[in-house]
Amino acid sequence: MAVSRLLPSQEAEDLLDLVRDFADKELASRVDEHERTETYPEGLFGTLGEIGLLGLPYPEELGGGGQPYEVYLQVLEELAARWAAVAVAVSVHGLACSPVAAYGTPEQVERLLPDMLAGNVVGGYSLSEPQAGSDAAALTCRAEKVSDGYRVTGTKAWVTHGGIADFYALFARTGEGRRGVSCFLAPGHADGLTFGRPEAKMGLHAIPTTTAHWDGVVLEADRLIGAEGQGLEIAYSALDAGRLGIAACATGLAQAALDTAVAYAKERTTFGKRIIDHQGLGFLLADMAAAVGSARAVYLDAARRRDAGRPYSLEASIAKLTATDAAMKVTTDAVQVLGGYGYTRDFPVERYMREAKIMQIFEGTNQIQRLVISRHLAR
Amino acid sequence: MEHARPARAPLGDGARRGERQARVNTGGRRLTMKSGINIVVCVKQVPDTATVRKLRAEDSTIDREDPNSSGVLNELDEYAIEEGLRLKEAHGGEVTILTMGPAKAAETIRKALAMGTDKAVHLMDPALHGSDAVQTSYAMAQTLKKIGFDLVILGSESTDARTGLLAAMLAERLGVPQLSLANKVVVDGSAISIHRVTDYGYDRVESSLPAVVSVVEKTNEPRYPRLKEIMAAKKKPVTTFGIADVEIDPGRIGLAGAYTEVAEFAVAPPRAAGVVVKDEGDGGVKVADFLTSKKFI
Ligand SMILES: Cc1cc2nc3c(=O)[nH]c(=O)nc-3n(C[C@H](O)[C@H](O)[C@H](O)COP(=O)(O)OP(=O)(O)OC[C@H]3O[C@@H](n4cnc5c(N)ncnc54)[C@H](O)[C@@H]3O)c2cc1C
């Protein structure tokens, strides 16, 4: 049954209806096949763009959907409930658009953003390096100034949509220290740019995650976004919003696991009754429902603060931590509810459990979220 | 209205297998067409087939205002809308949505507008409650006469009542040709031709406009609404008519005067087990017999 949601407008209700319908028909029907065979869903992002789902939280004047974060995140939640890999890639695309939207010159905004928000081009976000994940400031990929722009040399890691995306928000060093990182809008294909074999991951199989090798790739000067040295500020500003995206994906995943578990528990009987009527199992389901509800509540609270123009960095970290831990717990318990069947690939809950794990890791591990939260407390 | 009933084409003549032709006489009616086609797509809100559907105990009608039941756009109507939009994209003109139903049917209008149609007409009146197919066709025809059209497109049936009669009744009442069960629609100037789905392939049926066309499932791939259209839908004109606005005689509509009556209803029994063929050396023949009896082979 559809999740009952409080939405701010009729338009948002209609949008969510559309998304549910689309996700049932185009995602739920294809997810198993693509996740099993580790094949990219060709054409899907084109359709997502056509419908208008790749620029939702950006202003209409810039070609976006003009939707508040409160609505955008609930869309991500619905997508993730069917296909986490796709929802994550949609969230990453949104993240990849944000440097231009927030720090681009009017000329860059006008030239670059409409195609990005319409989804005519799909983006990746390339901050991490093999030795620099949580400690992003330790990145070493260089962008050396040359006469006609910058020459990029180095290795980036963990690029969602790597090798497939049309552009990357790329972070590379133009100097030393925390103020030595700059942000570029790099092309997806260029002389000297190669990608590693997709990582053999636990989940999110349909969307490749790769390393990217920049071997003296020359970027024109107007691909620099913001000022030289402003890169980490740009990266971190985008991450607050990105964390909310992951919180929403995790909530969708948890909701899907809960729905599957409840449906199963109403069908399966042991000792002469439905397993949901055994109090020991009914209470497990109740805890799962409470975890899903609280995950949704915290991310929506943070989103509404963002929509109201209030600070929300602390709340974004709380939401990411709460929702992804909830998803891990709920998906693990969903496997428990289905017993031995839950451990097989005949049911989706083992997939949900594998997918939930990554939510606790990327866009700032949950240890890093605690670091952010405790620093806020120590102020 | 006259139907030429040409002989059945011999089967198996290559690419044109199963194609036969019919021309429908339109009696030389004049078109309202100036630039582009004035297309009206009739749509209906129906109970979601995925939910348990109930009739109201007091009068055996579908509860169309139940806030808990999710009404959806009749699936076949999505093909009708898509066909209308494609014809508009090819020839210019306008696509108007026409629906008859209670206030809740506005949800369906919004969805149809979000697919990219231009405007909508909502025929809504308590007096219409319980109207059967004959009465509904009268009410819809009155409305169509009022708003004008070159081409009326409908889904070939609704998933709730499933009478599949409306297109024929409308064409008769409007005095225009009916081109039914189309899975392909081509308009050329003021001529229209369709492929009518048959057991053996298709018939090609032609007429001039104005006309009524009903389309079958999988005629096309209905587009998803787009966010931009959802936002634009708010600004598109929706005209609501009561029965007096379109000169509907209250005596000719409504449950009391309906030609059909639901005498009794019951929940369908669970699906029975399938036919099991036991192979005693003649299994293949038995399976073939079964498939033949179901017209699969
Ligand atoms: C599938 C997938 C997709 C990804 N997509 C992208 C992407 O699109 N773009 C991108 O830039 N990156 C992406 N990443 C990278 C991801 O953000 C990093 O993996 C993550 O930030 C963790 O970095 P790390 O793997 O280097 O772990 P490390 O930083 O080495 O951390 C190892 C462990 O130490 C803990 N730890 C580290 N520092 C501290 C501390 N100060 N206090 C307490 N504990 C600490 C961590 O929590 C973790 O448990 C992706 C990763 C994966 C697996």
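Which of the 22 residues around the ligand come nearest? They are Gly133(A), Ser134(A), Trp158(A), Thr365(A) and Gln367(A), where a residue is near a molecule if its C-beta atom, placed from the backbone, lies within 6 Å of it.

## Reading the model

This is a predicted model, in which local features need pLDDT of at least 70, side-chain atom pairs count only at pLDDT 80 or more, and totals for chains, interfaces and linings use all residues. Residues are numbered from 1 along each chain as its sequence is written, while chains are lettered from A and ligands numbered from 1 in the order in which they are written.

## Around the ligand

The domain assignment divides chain A into domain 1 (10–118), domain 2 (123–232) and domain 3 (236–378); such bounds come from an automatic or database domain assignment. Domain 2 and domain 3 of chain A both give residues to the shell around the ligand, so the ligand lies between them.

Strand 1 (123–126), strand 3 (149–160) and helix 12 (366–378) of chain A each supply at least two residues of this shell. Helices (H or I, at least four residues) and strands (E, at least two) are DSSP runs, numbered from the N terminus. By class, the shell holds eleven nonpolar, nine polar and two charged residues. Here Ala, Val, Leu, Ile, Met, Phe, Trp, Tyr, Cys and Pro count as nonpolar, Asp, Glu, Lys and Arg as charged, and the others, Gly among them, as polar.

## Where domain 1 meets domain 2

The centres of domain 1 and domain 2 of chain A, taken over C-alpha atoms, are 22 Å apart. Their contact takes 22 residues from domain 1 of chain A and 19 residues from domain 2 of chain A, two residues being in contact if their C-beta atoms, placed from the backbone, lie within 7 Å.

On the domain 1 side of chain A, helix 2 (31–37), helix 5 (84–103) and helix 6 (106–118) each supply at least two residues. Helix 5 of chain A gives the largest share of that side, twelve residues. The side has 15 nonpolar, five polar and two charged residues.

## Where the chains meet

Between the chains, the contact takes ten residues from chain B and nine residues from chain A. Helix 2 (106–114) and helix 5 (227–233) of chain B each supply at least two residues of the chain B side, and helix 5 of chain B gives the most, with four residues. That side of chain B has six nonpolar, no polar and four charged residues.

## Strands in chain B

Strand 8 (residues 178–188) and strand 9 (residues 191–198) of chain B run antiparallel and are joined by six bridges; two strands pair if DSSP finds at least two bridges between them. Val186(B) stands opposite Ser193(B) of strand 9. This hairpin has two residues between its strands, and Gly189(B) takes a positive phi near 60 degrees there.

Strand 9 of chain B also pairs with strand 10 (residues 201–208) of chain B, in the antiparallel sense over eight bridges. Two residues lie between these strands in their hairpin, and Val197(B) has Tyr202(B) as its bridge partner.

Most residues other than glycine have a negative phi, and most peptide bonds are trans. Trp158(A), in strand 3 of chain A, has a positive phi near 55 degrees. With 19 other C-beta atoms within 10 Å, Trp158(A) is partly exposed; a residue is buried with 20 or more such neighbours, exposed with 12 or fewer, and partly exposed in between, with C-beta atoms placed from the backbone.

Glu38(A) has a positive phi of about 55 degrees and lies in the loop between helix 2 and helix 3 (44–51) of chain A.
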